[in-house]
Amino acid sequence: MTRPPARICPRPSLILPVLAALVLGAPAAAPVPALAQAQPQAQTQSPAQSHDQSDVQAPTGRPADTKPADAKSVDAKSVEAKSAEAKSAEAKPAEAKPANAKPAPAQAEVPEQFKAVRAKLEAAKAELDAREKQLGHTDLTVADLTAIRDSAVTETDEIRSLVTRLDAPLEAARERLTQLGPKPKDTQESADVAEQRVEREAAVTRIDETQRLARSLVVQGDQIVDRVSNRRRESFTRDLFQRSQPLVGPGLWTKVMGDVPRDTRALQSAVSDIGLLFSRNGSIGNLLILGLAFGISIALYFGRRNIAPRGARRDAAKTDPSRRAMMLAAWRVILLGTVPAVAGSYAVYYALDATNLLPSRLLPVAAAILGGLAFIAFVEALCDGLLSTEKPAWRPAPVSDAAATRLTRLAVGIATVITVVKSVEALNSGISAALPISIATRGLGAVATALILAVGLHRFADTEQEEEACFGPYVPTKTTTGVGGPARLLGWAAVALIGLGALVGYVAFAAFLIDQLIWDASVLVLLYLLVQSVDIFVGRALSDETRLATTLQANTGLRKRSLNQISVLATGATRLVLFLAAAVLVLAPWGLDSTDIVSSVRQAFFGFKVGDVTISLSSIALGIGILVLGVFITRGVQRWLENTYLPATDLDAGLRNSITTVAGYCGFLIALALAFSYLGLSLEKLTIVAGALSVGIGFGLQSIVNNFVSGLLLLWERPIRVGDQVVIGDSEGIVKRISVRSTEIQTFDRSAVIVPNSNLISGVVKNRVRGDRTGRVSITVSVLRNQDPVRAAEMITACAQNHSDILKEPPPRVVFKKIGDPFLEFELLVWIVDVSLGQKVVTDLNFSVFATLSGAGFIPPLGPGSSIVTVQGLDTMQSAMGEIASRFIQPAPAPEGGESARPQRDRGLRSAGA
């Protein structure tokens, strides 16, 4: 094999110093250091150069054994020709090298898998560059732009997945490099550590460069997709608002009249082509197939008018069908009225295509005619199922009978005009008609559609006036159509835009508005039917007393309220999906396709930038999921501690509550930290946020923070524990729960008192069981004054000593408090084992003391007391009774002026009766 000249050139420079040394007797050391210096230069290469090398030079640990790299390039013959002095002269510089010379850095071999990745990126870059260059052309069609966009999206998706796959290897390589620590500046690393550092730095650099290259390609692909989208929108806008000759101008019709003879001849040529194909391919088999297809189509078209009413099972005698039966009947009518028509049209088109009895340039004309007939059948079935003009009881739409009839006529009329116009446009395209004729055809079709829509809207304006009373309130007019004003206003706006656009020359814009109007109306009607069906078949199936709901309750144990919530959520989610799908379908004619939507959704879900901040909905959703999962696990641990583990210990209830609460706080903080770390929020960033919020916390959240810190103090110092009996102001009860902000106390009447934690820390709280649960109760006893007080005290003490809940130490004590006139007053003081038994002990002592003292005669029995009942408000009745009594008693001699006394008495009686 011939050696390259570059490796043979150093030979003269090596031999001449050796000969000079032999002749002059001096060591040939001058040129050799240059060779020694060339060795590290030859070994020192950039990491990028090491990628292209397949031979890896292993470093040597002994510098004395290191030979110049140029010596390896000398062939065997030149080496054998050297003398012994030359060999010794070459060996001296190597021996003269310092012992602490740095070893040559090792060059890691590039893995084959990594080479494949780089090759794939290079291929993707070449593809994107080619697509970007192709995008620079100005004569690209919509199909070309779509192909460029699809290719760029495919390459970008693959590269994006590659970037994601490189994250883990890059983090692992960086972690390995981090374990070596920083490179020392003053001391020398060992050869092994230096070798490992070089290898790991090369690995990190290699992966990082590859990932950065991949990210740049992702950006390039996204830019290509954006440019394609912009080009498509510009092309769509340009074609949409391109103005042609107006219909009201004479120039268009002059050109039409001039092109009519030519197009007539083209039409005759098309007819002759049809006759030629029939004469050439009109065999019995082909004619039989075509006739059979026409027969099947006619049978399906006319048979569906009888099949749909019978298959719908809408009983005219049933005046109040259920909503579920109504929707099922509507769907049956739509399907039975549409599917046969579509099948018949497809059968005829397939027969024409298979038998080759129609020229290929006229097949679109047949497709337009057959598709138009199927579209008319679909509109009729949709109107029959949704409006049900013949059977109003089965009408799902909330419109009147007149509105249903007029809407049906309007929809079928517009569908017929659209079918005729599309068929004529397909014929013009098939015979290659002149442009003025095509413009005139589309313009006349737009004007005809606008006129039909205007007539229909005018009929909707008919109202039935109600007579107004002369002096009565205003009675508004009542519409008989049931179609709201906004819908009619939108219809009139469409009529104006379509008619004026077609007349002034914007025929493409008018035709687009017609297509969009028909498309949007169809989508909205189907959306209404689907939403109503979801509410009936999904929502009511789970919320009502249906078989499905009963089965789910019996098998899953779910409550009825839970099923209602599930039905609401399922209905809402399904509605959201339906509305999004409808929005996509409505925007599809405007140049928005599924690829753009998927790209936008992916960008919004996986990350979009707002300034310098990248917001990723997927990361936010997963972070929330981690937080929810952490809280769920924390609740489970709390329940396990509260119900299983802590009850098995000797800890009191208050300490168990503190442990459970602290465990909940710790679990929540850990879950929060994990969620923040997943979102990329480090502790330093959280510290900055906390510092920014400190001012607001100091002013607006001061009380909340105060209560939170007070709650932590309550859990740590435990001056008040769960289960303690406390008195706070006028409230006394048992502590049931100590939370972050407040403490719940249950009073003895089963009421809950919520006390902020700061009140428990800064206020005065009486804890009856702070040290232990023992407490003191007292009762007051009165005995007759003529009894022996010492005997009475002994009897009272004996009653207390016999009670099982009263402590023996300290013993019960009787205090002689007062010597009254009829009674002697004593107070019994006892200490009980648990303050919660205070009321019970007081009741038992009262019963026992009363029975004992009554039996000994210290408390005499009382006789029946007298009761005086005073009834007020009977003065009028008393006066009336007096008046009645005076009529039965002989009147006394009349006093002076006797006649005047009776009227006064009568007036007094009337005033009393009043």
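Let's start with alanine 446: leaving out residues up to four places away in sequence, it touches Ile498, Ala502, Ala510 and Ile514, where contact means heavy atoms within 4.5 Å. Before going on, a word on the source: this is a predicted model, so local features need pLDDT of at least 70 and side-chain atom pairs count only at pLDDT 80 or more, while totals for chains, interfaces and linings use all residues. Residues are numbered from 1 along each chain as its sequence is written, and side-chain values use heavy atoms, with hydrogens and water left out.

Now, the largest nonpolar core has 27 residues, and Ala446 is among those that touch the most other members, together with Ile414, Leu453, Val495 and Ile498. By nonpolar core I mean a set of buried Ala, Val, Leu, Ile, Met, Phe, Trp, Tyr and Cys residues joined through side-chain atoms within 4.5 Å. Buried is under 20% relative accessible area, exposed is over 50%, and partly exposed is in between, using a 1.4 Å probe and protein chains only. Which helices supply at least two residues each to this core? They are H9 (250–281), H13, H14, H15 (485–504) and H16 (507–543), and H14 gives the most, with nine. Helices here are DSSP runs of H or I with at least four residues, strands are runs of E with at least two, and both are numbered from the N terminus. Another core, of 25 residues, lies apart from this one, with Phe114, Ala124, Leu140 and Val163 among its members.

On to the backbone. Serine 388 sits in the loop between H12 (363–387) and H13 (401–430), and it counts as buried because its relative accessibility is 0%. Serine 432 is in the loop between H13 and H14 (435–460); at 45% relative accessibility, it counts as partly exposed.

There is also a cis peptide bond, between glutamate 809 and proline 810, with omega about 0 degrees. Proline 810 belongs to the loop between H25 (789–801) and S11 (813–819).

Last, the sheet. Five strands form an open sheet in the order S8-S7-S6-S5-S9, with antiparallel pairing; two strands pair if DSSP finds at least two bridges between them. S8 (752–756) and S9 (766–767) stand at the edges with a single partner strand each, so one side of each has no neighbour in the sheet. Five bridges join S6 (731–738) to S7 (742–747), and arginine 737 has glutamate 744 in S7 as its bridge partner.
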